[in-house]
Amino acid sequence: MNRKNKPLFVLVGGMSALAIVMGIGRFAYTPILPYLQDFVHLSSGTAGYLASSNYLGYLLGALFAGIFRWKGGKTFPLRIFLALNILTTVAMGLTDHLPLWFILRFLSGLSSGVVFVLASSLTLDVLARAGKPVWAGSFYSGVGIGIFFTGLLVPWLNHYFGWQGTWIGVGLLSFFLSPFTIGWLREDLSPQREGPPPDRLSTSLPGKNKILPWLVAAYGCEGMGYIVSGTFLVALVREIPSLNHDPALSWVIVGLAAIPSSVLLAQAAAKWGDLNVLQTAYFLQMIGVILPTLLYNSYGALAGSLLFGGTFMGITTLAVSAGRRMASRESSKVIGLLTFVYGVGQMAGPSLAGFFITGTGNYTSSLLFAAVVLGCGMLFLGAGQIKASKEKIAGSGHGSAMRP
């Protein structure tokens with residue numbers, strides 16, 4: 001078998017794609033933001049709007065990739081949008097024209113949304129056909145790998161080349177990672193193996209459909225809540241005296257924690273259940289978001305970074321998996337709906353946070369806002385579980401009465 005068709009190489013190609021378009025193209029903005037605030041005098045409000053333009057692009061790109069019929073295959077368009085993502089990252093360092101930045105960040109988000117959906121589809125299809133679905137968690141670790149390397153490189157690049165060279169440098173990092181995706185991630189056109197029959201009970205088990213609307217609402221809260229730290233964390237950490245010499249260290253911690261998070265939370269969910277682990281992950285993330293304001297020192301900031309990084313990708317993995325199982329007959333519609341509400345929350349979060357920061361002059365109000373939103377997500381999950389348990393009890397009682 002040619003190595004490009006082996007599941008391991010396809011997995012590495014998929015991880016590389018996520019590292020490029022998510023870890024770098026999407027999230028490099030977070031550690032670079034403090035330098036933009038210093039040298040371009042970018043206000044927190046404008047920074048929030050700029051981030052929101054990227055997430056609007058991501059939302060539209062993900063929706064487009066999900067509904068468009070890729071009759072010519074997915075491999076070629078994936079490469080085109082991957083190249084667009086790298087070019088828009090590099091181009092951020094070639095201009096300081098703010099309106100052009102909005103366009104570039106929007107196009108970066110659009111391309112990252114398309115690549116995320118196509119890379120997920122290609123990679124997970126190959127893993128499923130090879131009987132390696134458990135490797136899916138490793139695939140999502142590509143986001144954490146990209147975050148980790150940007151956290152390491154951004155301070156060094158800025159020191160020697162300024163903020164312009166920093167954008168160009170992380171763009172070149174994406175370019176050097178791209179051969180793994182271009183060479184190893186391609187569509188599997190072999191005949192599909194006959195799989196197990198669909199779970200016909202998955203949409204009719206008592207309580208499952210009752211939980212789904214609450215899961216969707218909770219996932220929208222996650223999109224709005226996590227992205228506040230995902231945008232302003234490094235800028236916040238820079239104001240802590242013990243870390244202002246190296247605020248990007250917090251972003252390195254986020255990346256390190258994110259790398260194994262999807263695998264670990266998936267294993268925990270297999271033992272204790274998706275919704276129970278989701279509740280725990282929301283709670284831990286909420287603590288991670290507000291911890292730097294409660295412990296305004298290096299311990300609070302780095303512990304908060306660890307909790308944030310260890311939950312945000314894992315929550316995505318578990319929520320999408322749970323939604324898919326709740327409505328397996330319409331899994332694409334459910335995943336699309338989850339992606340949409342997450343994207344809307346993600347788009348609104350930075351703008352609202354920037355408004356709070358501008359109004360109060362500090363980051364505390366924005367983090368409290370994010371924590372409250374995550375708390376609402378926990379309440380939505382809990383309400384769904386309570387409603388489903390009542391439905392299940394009622395269904396069991398009705399069934400017992402019908403038995404002879």
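How many of the 18 residues of α1 are buried? I looked this up first, taking buried as under 20% relative accessible area, exposed as over 50% and partly exposed as in between, with a 1.4 Å probe and protein chains only. I found that 16 of the 18 are buried, so α1 is largely enclosed by the rest of the structure.

Basis of the entries. I note that this is a predicted model, in which local features need pLDDT of at least 70 and side-chain atom pairs count only at pLDDT 80 or more, while totals for chains, interfaces and linings use all residues. Residues are numbered from 1 along each chain as its sequence is written, and side-chain values use heavy atoms, with hydrogens and water left out.

Overall make-up. I recorded 13 helices and zero strands, counted as DSSP runs numbered from the N terminus (helices H or I, at least four residues; strands E, at least two). Of the 404 residues in the protein, 53% are buried. I looked up contacts, meaning heavy atoms within 4.5 Å. Among those between residues at least 6 apart in sequence, 84% join residues at least 24 apart.

Helix α1. I checked its span against the expected value, which is 1.5 Å times one less than the number of residues. Helix α1 (residues 7-24) reaches 24 Å from its first C-alpha to its last, close to the 26 Å expected. I also noted a kink of about 25° centred on L18; the bend at a residue is the angle between axes fitted to the seven residues ending there and the seven starting there.

Helix α11. I found 11 of its 15 residues buried, so α11 is largely enclosed by the rest of the structure. The buried residues include F312, G314, A322 and M326.

Aromatic rings. I counted rings of Phe, Tyr and Trp (its six-membered ring) as paired if their centres lie within 6.5 Å, with planes under 30 degrees apart stacked, over 60 edge-to-face and the rest tilted. The structure holds 25 such pairs. One of them, F356 with F369, is tilted, at 5.2 Å centre to centre and 45° between the planes. This pair joins F356 in helix α12 (residues 331-360) to F369 in helix α13 (residues 364-402), 13 residues apart. I list F356 as partly exposed at 29% relative accessible area, whereas F369 counts as buried at 17%. I also recorded a cluster in which ring pairs link F27, Y219, Y226, W251, F308, F312 and Y342.
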